[in-house]
Amino acid sequence: MASSVVFVNQKGDILIYRRFRDDVSRQEVTNFCNCIVATKAAKETPIINLDGVSFIHTTQNDITLVATTKGNVNAAMLMQFLYALVTLCKAYFTPQGEFSEEQVRKNFALIYELLDEVMDFGLPQILDPDLLKMYITQGGAKTGAGALQNNIEKLKQITIQATGAISWRAEGIRYKRNEVFIDIIENVNVLLSVRGTVLKADVVGQVLVKAQLSGMPECKFGINDKLLIKNADPTKQDRGIQIDDIKFHQCVRLGRFDRDRSITFIPPDGVFELMTYRISENINLPFKVVPVVQEYPELNKLEYSVKLKAIFERTNFASNVVCKVPVPPNSASVKIYSAGAGKAKYEPEQNAIMWRIKKFQGDMEFLMSAEVVITPLKSDKQWSKPPISLDFQVPMFTGSGLRVRYLRIQDKSDYKPTKWIRYITKAGDYNHRI
Amino acid sequence: MATIDPFDFFKSSKRSEVAELELELNHNKLEKRMEALKKVIAMMTVGKDVSSLFFPVLKCVETNNVDLKKLVYLYIINYAKTQPDLAVLAVNTFRKDARERLNPLIRGLAVRTMGCIGVDTILDYLCEPLKESMGDEDPYVRKTAAVCVAKLFEINQQRVEDYKFIEKLEEMLGDGNGMVVSNAVAALTDIQHTKGKIVQMTQTILYKLLNALPECSEWGRIYILDFLADNMLPSAAIKSGGIEEIIQRIVPNLAHSNSAVVLSATKVILKYLDYMTGDTEMVRSVCRKMAPPLISLMNSEPEIQYIAIRNINLIIQKRPYIIDKEVRVFFCNFQDPLYVKLEKLEILIRLADLKNVDSLLNELKDYAQEVDVLFVRRSISAIGRIAIKLDRAADRCIQVLHQLINTKIDYVVQEAIIVIKDIFRKYPNRYESIIKDLCENLKALDNVDARASMIWIVGEYGDRIDNAVDLLTNFSQSFKDEARKVQHALLNATVKLFLKVEGNGGAEELVQDVLRMATEESDNPDLRNRGYIYWKMLSSNPEMAKQIILCEKPTISEDASTLEPQILDKLVGNISMLSSVYYKVPDTFVKKIRDRINERLDLENEEVQVISQQSKQAQAEYVDSTGVKKSEYIKESQVAQATYMVDLLSLDDQPPMKQGGAGTNAIDDLLGIIDTTPPVQHSTQPVQQQHPMQINGGGSDLLDLIDTTAHVQQPSIQAVQSSALDDLLGGMGQESHTETLLQKAQFVKVPYQVVLNGQTAGQKGQQGLQIEAAFQRDGNGALVLDMKLTNLSTVPISDCLMKLNQNHFGLALHDPFPTPFTLRPQESRSLTLTCHQNRAPGGPPPLRPPVLIQAGINCSLDLFYFTLPALLQVLLSPTQLEYQMCSRIWSSFPVMQECKMTMPSMSAQITNGHALITRLQENRIYYLNQATNEQGSEVLYVYCSPEEGDQGVNQHEIVVAEIGITPTGGVEIQATSQSGYMSLLFLQAVKFVLSANT
């Protein structure tokens, strides 16, 4: 499907160029690099057609990744492939998680080797980092291919795992202590209008699991899903929550979920994202923002007063609350009258007053007020008025009300694993227009 | 050199460095060779030529180290194309590695790399190992081998057929390993892109794939789902309740975390939903399941959001109730990239209804106060489009616009003016009160569209604006420097104003001034012509002018971005693909598909068209678009036809002269004698035609240029719409064809082929004439040439003359090209020209099918040469020979030219031997007898001979063929003739005749 995959830096230089089909020439790719990447036009749209060649691209840090084609390919698939490729590179690079031009240059031989394995004739193949690490060791792991070559059993196991249904887990994993850690991480996205009405609100949650389990454990995971509870026992009082949509890690049996909404799986080893979900009904917003912004154009002055109120239990605390209150870029002086708690400071490089509160007790409210004097501009270019945004973390709180009901683990060897569960709610896009 | 800084790989390469690398590549130590090879690859990446190192690099392949081997292979792939001779040297390594006993990774690597080399000379060495790999015990090798078949197909289709690799791929669909199945599916899909349909979807294959689906990786799921959408099981083959079951098996994929899987699954479900006609409750419940996953895509990365929103726009056109309550999800976030915001606006307009319009307008008003100019303008335009879409919300929209105008921000006001003009068009005389505010903001008008719109408004409401004359006088002072659009608007507006205010307050001076500038000082012919027309109308009959110019305008509607149903269905079938992102059907931007459509041997899936019906259709359209009453036109054309017949007669006396020209120059000669055919001028050209823009508009108010274009459309959508027209025509042709067939058994129709592409330049370098044509037998058995001419240039095409070059079958046009014949820009017309065969002079026989006949067309645009393909069945003689004569001729064949062909399947309409004979007889391939052949199976014998001409039957060209029906419903044909080309032509014709559905 893809004719070539290219890594380009922001000057338009080609760093990695792997051709999979012959229909797109290097000249055409160079043309794209010069006309689009180098001129920063790549931000305009993620899919560009230049003289019959389609360029599907995304930019991560200072690298633009491009998949080229002349056909009618699956655009979403190639885009996902590019993301997966970045994730894969990050997993291989040292230090892990860093993706930059420097890293790409340092690891180019490895990237070529990976590209050879992850894509064949332009078709994405195997992109699972844990799996690839078992047999692509260039540069990184020191175990070397030499040892592997003589271990026929191991090789067979790899290929079967790579192609098979349970490609994410190898046989014969052993732990002295069987443990499993579950993190429920929720991001609350809210958009409030100037008048404080909720324009849209949803919670995007993530269930991260760190599994340190022996053998091939069969797991069943239960949450307070309204539909599941209703299925199991229609008379029960606990109503559960209504989940709009769930997406699962590939280990979860989708057919089974579709049938009776039970979440069953054999987990990969180590950390993985079991599922993501989205909820838009009955959301508990942890904070309420009440901003008042008064403009006095004739005095070249603005007055701010922002009230923050925590709406969760008094026994609970939010940490690292940051309220970003934007001010016009032509602000001359900012005078902060009061900040009920924490520190408020004008940061010119952010064009905003940053109000930081380390620890915010539940059911409390604080007020910050400030006055901004602006230098009048000759042109009547408008101030874009970005929304007030909020960042926070509230442990042991879920915006959606989601709770884990059980995690049952069964393996042939019949061990009893220790289970740990944490909840945390963070701010996603928490914006209040002014 | 103990350690190497990785950055050094990319640094300078002097001449001596290559030599140094060569030394290092020969080094004893593995590490050294590895480092050297990495440097070579690095140089290759930055585009330097290191091909001189081929030998030393190749030597490194003799190693057990997989890492090193991979680097060598990478190098070979890169240079094999340019240095095929060297690549051959690597073949043995591949063969050896492909048969490596122990390590499946090495076997896989070798198979993968072999296919990438793509040099024809090494294919012989490749196929055997590939065949073995397809049956390898290790799934990793098998999945790699499956993709390798697609690679081989790209290089050499013949080998793939010889080794029956496609059949093997189909077998692989039943493999127990998910990745093997999905890669086989991906390979088949890829081959189908080049070759057209090869897999006939059956219940068995469908269930094999559905079973494999849960076993597959995310990518594998996508391959399978896309394949299912492209290859639908025919609805007739599904048992009752089967559709629900198929959909239920696809639904779980909507919960997959990969958004491409979600989109592909949506596509398959939508396509199978089309089969469900009655059960609306079921359809709705499936649709309800699709909504949440689609909305969740709005939380993904912006690039995916972009693709998803473009797709959702299609999905809600197809099934509006999938997402009808979720308008808030598409509200723009401050940090969304612009490309996402603009797409969200389109969805917001589409979802606007009376329930959500208030919150929507508040939202749009907010957007209109942001800083990004393009986004602001689109938001304002969206308000206008909603006003036009929802009658009952128009008041509120106008209110919001009013508030926006009062901000006095220049681009906001200008955009508001543009949309208000459209609102005035839709709701005349309802919101004039806003004009006052508009007029107050006049100074800031620097946008062309805004100026033109403002001028239109003043012209339209001139009788109610006190200082209308002054306003337009102001504009007219810069008339010469204005853009054309503004000039046109100004000309129209002053004339309208003049007629409305009856020459009060200087309107007369103004109109005279503007008319003078338009006619005397402008170098734009459109403007000049229009000026003259107005002038003449005003001076000869002002009352009449008033009636015409101030007539009621047709209403406009907000459907600029709504697609034709056929196009929409095609695009929905391409969800997640580039096609659905571009809003273009694949063949408009994929060259490979166009090539396949143009490939004339493969006619199986082509649509069949009836030309006579179509030409009527085209004529009707022609009449409509010019706005002349139909009856008038038809009368006129009949008169013209009559005069034309007279001319024809006089021409007909001279056919021998036409053919007298010798050799290839004949065309030139003939086309040179244009003067002998007096061009008959069409005397009643409607006035409107003088303005080419009018053809696009189609409004009855011919004088209002800007009135006709309701909205700014995105260019991509326009492109789709124009191609929609073609499809529509195609579709109609097909329908009417079935009708004619009910009346009478017919010759199989040959579909049109593009014989002259619009981009092909003629002898003078002009381009823009596109011709599609096909030779046919019409209902009476006469040989005709059906043509469809399309004018893609910007000027009208007329005075056409056409001629066929001398050819082996003596084909010549009987009718001359009809006159008068004028093809306006963007117009298409169909013609049917009778042909006759005169075998006397003869050209060389064709070497291979189809029969190609050179032709030339001389027209006002240019002289074009092209070739017309003809299938043998239209050239056959109706004469039936006696059995004895036939067998005598056959037994007298001194040299047998035998050709064989196997067709795996026939048209579903041919159900038995009897139907087969009937079909052949209808197409002049006659039944001889039935017998048992040497292999002992029952076969039919048939024969045919080409149209004879003066000398009677040419025995050399008689074809006798043996046809056996295979147990699978296909046929085996063995054709015999004394002339080899006849056998080949015969096979091609039979293949077409038997596979066409009538």
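**Helix pair α23/α25, chain B**

I started with how α23(B) goes past α25(B), and the crossing is left-handed (near helix turned anticlockwise from the far one by less than a right angle; clockwise would be right-handed). This is a predicted model, where local features need pLDDT of at least 70 and side-chain atom pairs count only at pLDDT 80 or more, while totals for chains, interfaces and linings use all residues. Residues are numbered from 1 along each chain as its sequence is written, chains are lettered from A and ligands numbered from 1 in the order in which they are written, and side-chain values use heavy atoms, with hydrogens and water left out.

I looked up the geometry next: the axes of α23(B) and α25(B) are 8 Å apart, and the packing angle is about 40°. Axes here are lines fitted to C-alpha atoms, for helices over the stretch in contact, with angles from 0 to 180 degrees between N-to-C directions. The two helices, α23(B) and α25(B), are therefore oblique to each other (under 35 degrees is roughly parallel, over 145 roughly antiparallel, 65 to 115 roughly perpendicular, the rest oblique). Helices are DSSP runs of H or I with at least four residues, strands are runs of E with at least two, and both are numbered from the N terminus.

Then I listed who touches whom, contact being heavy atoms within 4.5 Å. From α23(B) I noted B:Q414, B:I417, B:I418, B:I420, B:K421, B:F424 and B:R425; from α25(B), B:D449, B:A450, B:S453, B:M454, B:W456 and B:I457. By class, the contact of α23(B) with α25(B) has eight nonpolar, two polar and three charged residues. The classes: Ala, Val, Leu, Ile, Met, Phe, Trp, Tyr, Cys and Pro are nonpolar, Asp, Glu, Lys and Arg charged, and the others, Gly among them, polar.

**α22 against α23**

What does α23(B) meet in α22(B)? I found B:I398, B:L401, B:L404 and B:I405 of α22(B) against B:V412, B:V413, B:A416, B:V419, B:I420 and B:I423 of α23(B). That contact splits into ten nonpolar, no polar and no charged residues. B:I420 also turned up in my list for α23(B) with α25(B).

For the geometry, α22 (residues 394–405) and α23 (residues 410–426) of chain B have axes that come within 9 Å and cross at roughly 150°. That makes α22(B) roughly antiparallel to α23(B). I logged the crossing of α22(B) and α23(B) as left-handed.

**α14 against α16**

The crossing of α14(B) and α16(B) is left-handed.

The α14(B) side brings B:E218, B:R221, B:I222, B:L225, B:D226, B:L228 and B:A229; the α16(B) side brings B:A260, B:V261, B:S264, B:A265, B:K267, B:V268 and B:K271. I get eight nonpolar, one polar and five charged residues for the contact of α14(B) with α16(B).

**Aromatics**

How many aromatic pairs are there over all chains? A search of the whole structure finds 24. Rings of Phe, Tyr and Trp (its six-membered ring) pair if their centres lie within 6.5 Å; planes under 30 degrees apart are stacked, over 60 edge-to-face, the rest tilted.

I picked out A:F265 with A:F272, an edge-to-face pair at 6.4 Å centre to centre and 70° between the planes. Both A:F265 and A:F272 are buried (under 20% relative accessible area; exposed is over 50%, partly exposed in between; 1.4 Å probe, protein chains only). B:Y427 and B:Y431 are edge-to-face too, 6.3 Å centre to centre with 85° between the planes. B:Y427 and B:Y431 are buried as well.

I also found one aromatic cluster in chain A, formed by A:F287, A:F312, A:F360, A:F366, A:F392, A:F397 and A:Y430.

**Two single residues**

B:D526 is in α29 (residues 525–540) of chain B. I call B:D526 partly exposed because its relative accessibility is 22%. From B:D526 to B:H488 I have 38 residues in sequence and 8.9 Å in space, C-alpha to C-alpha.

B:N467 is in the loop between α25 (448–460) and α26 (468–476) of chain B. Its relative accessible area is 36%, so B:N467 is partly exposed. B:N467 and B:C439 are 28 residues apart in sequence and 9.8 Å apart in space, C-alpha to C-alpha.

**Chain totals**

Chain A has nine helices and 23 strands, and 55% of its 434 residues are buried. Chain B has 42 helices and 13 strands, and 56% of its 998 residues are buried.
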